[in-house]
Structure formats: structure tokens, C-alpha cells
Amino acid sequence: MFQSTKQKNEMILYIIRSNLHSKLADLCFELKKSGENMSTLDATRAELALAILFLNKAEARDKICRAIQYGSKYLSNGEPGTAQNVDKTTSLARKVFRLFKFVNDLHALISPTPQGTPLPIVALGKSKNALMSTFLFLDQFIWLQRTGIYKNKEGAELIGKISLYCWMAGSTCTSLIELAELGRLSASMKKIEKKLNNTDKYQNEEYLLKLKKANHRTLALVKAVMDLGVAAGLLQLAPNKLTPRVVGGLGFLSSLISCYQLLPSPPKTKTP
């Protein structure tokens, strides 16, 4: 596709400088497709361009910091030391990433839902948006207290507990939504199987699309259940079972799943 090394280098530079993420992703994958004619340096540049696309997302940086935070919590197991210091400082740093983030769920709360969505799922979705928006809004007061702007320590602790309960309830709603959506997908996949009779279902595009959605929903369900455990652990609802190490492990795995979900997806192949 690229006729000279100079052209390839120019395209790579354009990728790195571009602010249009969709264009960046398209060009990155075009570079990877021409792998036979690419040098090791060109391939490395293409991979770095994908990393830039990922790291340019504030959400991605937050989830990386979250993985560091809960990984440190797992290592410290609640004991004083370097790992616990990393846990505390990273937790405070993450709160800056989440300033005014409650607006996202607030917008989703007042936005119309897709037509055909069952009423129970709509109700759960709106409840989740309200709870997560409240959690993120109240969480800002914890940052204000830790930085010394908000002086009422007891008030901040109460607000912190309320925010964690909102997060736990929001994660519960997310889990129920994913279970319901998986049930709907399973029913539609069975209908497709009946239509296909003895035909190989894995050759059917509609079935494969449903299967892909089901896999994504399953991963989201696992993450929501892990977040539910983290919230319960931070609230010390079951201190004997949800120890700092267990909470740290759940939070770390949940963060890795979030990072995976934020990875740039390859563009759809264009048929001639």
C-alpha cells in the first residue's frame, strides 16, 4: 500500500500528531496490515501510536491508576509500608481524574432509552445512572477534605460511606442489567439456531454478532460483581471474608477488565 519508506514514516507521523481518534485507529491498522513491507522500527511506531490512542483517554489513565491502587492494596494487606502509601496517594490522585465525571451519568439519566428496551431494564438503567452520578458527585467531597479545602472530617467520612453505598447499589443494578441482557441474547440466539436447523451456526453472521455481544456482556457482569465486592469490602460489611488483600485482588482484576474494555477496536473492513 505504501510505495516508499518515506511515505510510511510520513503516515506514522501523521498518526501521532492527529487528534482525530477514529482516523488514528484506521491508520494504525492500515500500517499493521502492511506488515510484510514494514521494518521493525515502523511496526514499533505503529504499536506506539495505538498506545497513544489508548492513553489519550482520561478514563484509560484513571483505570491504570486504579490497577496500581488496588494492586498496592493487595500487596500491603492493610499493613503500613510502601505499598500502603502507594495505595493512599494513588487513591487521592484518581479523585482528580473523576472531578465532574458525575455529569456523564447525569446525562445518561435524562437521555431517552433505545426503543424496544423492556421497562424493568429501563428502570434498572436509570437507577444505576442516578446512583453512579450521586457516588461520583459525593466522592468529590472526599478529595476536598483530603486536600484541606473541606474541614469537616466527620462530615466527609459520612459522605464517603454514603457514596460507597451508592456505588455498591449501582454495581448491583449493573449486574442485574447484564443478567437480563444476557437472558435476552440467549433467547434470540436460540431462535436463530432453530431457523438454521442443521446448518453450522458459527457460519451465520447474525449468530456470531449475538455471540460477541454475549461475551462482552458476560465480561461486564464479571466486572460488576467484582466492583460490588470491592464496595462491600471498603464498607467493611464482611471484614473477615473481604480482607484488604481480597478487596485489592478484586479491584485489581476489575481494573484490568476495564483497561481491556477501553482498548481501541479495529475498524470494520471495507468491502470493495
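Trainee: In what order do the elements of the chain run from the N terminus on?

Mentor: The model is a predicted one, in which local features need pLDDT of at least 70 and side-chain atom pairs count only at pLDDT 80 or more, while totals for chains, interfaces and linings use all residues. Residues are numbered from 1 along each chain as its sequence is written, and side-chain values use heavy atoms, with hydrogens and water left out. Helices (H or I, at least four residues) and strands (E, at least two) are DSSP runs numbered from the N terminus. On that basis the order is α-α-α-α-α-α-α-α-α-α.

Trainee: How many helices and strands does the secondary structure comprise?

Mentor: The order of elements is α-α-α-α-α-α-α-α-α-α. The totals are therefore 10 helices and zero strands.

Trainee: What percentage of the residues in the chain is buried?

Mentor: The accessible surface (Shrake-Rupley method, 1.4 Å probe) comes to about 16,700 Å², and 60% of this belongs to carbon and sulfur atoms. A residue is buried under 20% relative accessible area, exposed over 50% and partly exposed in between. Of the 272 residues in the chain, the buried share is 38%.

Trainee: How is H4 oriented relative to H5?

Mentor: Axes are lines fitted to C-alpha atoms, for helices over the stretch in contact, and angles run from 0 to 180 degrees between N-to-C directions. Angles under 35 degrees count as roughly parallel, over 145 as roughly antiparallel, 65 to 115 as roughly perpendicular and the rest as oblique. The axes of H4 (residues 58-76) and H5 come within 8 Å and cross at roughly 155°. H4 is therefore, relative to H5, roughly antiparallel.

Trainee: What is the handedness of the crossing of H6 and H7?

Mentor: The axes of H6 (residues 102-110) and H7 come within 8 Å, with a crossing angle of roughly 155°. H6 is therefore roughly antiparallel to H7. A crossing is left-handed if the near helix is turned anticlockwise from the far one by less than a right angle, and right-handed if clockwise. For H6 and H7 the crossing is left-handed.

Trainee: How do the residues of the contact of H6 with H7 divide by class?

Mentor: Contact means heavy atoms within 4.5 Å. Among the residues making it are Phe102, Leu106 and Leu109 of H6 and Met132, Leu136 and Phe137 of H7. Ala, Val, Leu, Ile, Met, Phe, Trp, Tyr, Cys and Pro count as nonpolar, Asp, Glu, Lys and Arg as charged, and the others, Gly among them, as polar. The division is nine nonpolar, three polar and two charged.

Trainee: Which residues of H5 and H7 make the contact between these helices?

Mentor: The axes of H5 (residues 82-97) and H7 (residues 119-146) come within 10 Å and cross at roughly 125°. H5 is therefore oblique to H7. H5 passes H7 in a left-handed crossing. The contact is made by Ser91, Leu92, Lys95 and Val96 of H5 and, from H7, Asp139, Ile142, Trp143 and Arg146.

Trainee: How far apart are the C-alpha atoms of Leu219 and Ile257?

Mentor: Leu219 lies in H9 (residues 205-234) and counts as partly exposed because its relative accessibility is 26%. Not counting residues up to four places away in sequence, Leu219 touches Ile257, Tyr260 and Gln261. Leu219 and Ile257 are 38 residues apart along the chain, and the separation of their C-alpha atoms is 7.6 Å.

Terms used:
Buried means under 20% relative accessible area, exposed over 50%, partly exposed in between (1.4 Å probe, protein chains only).
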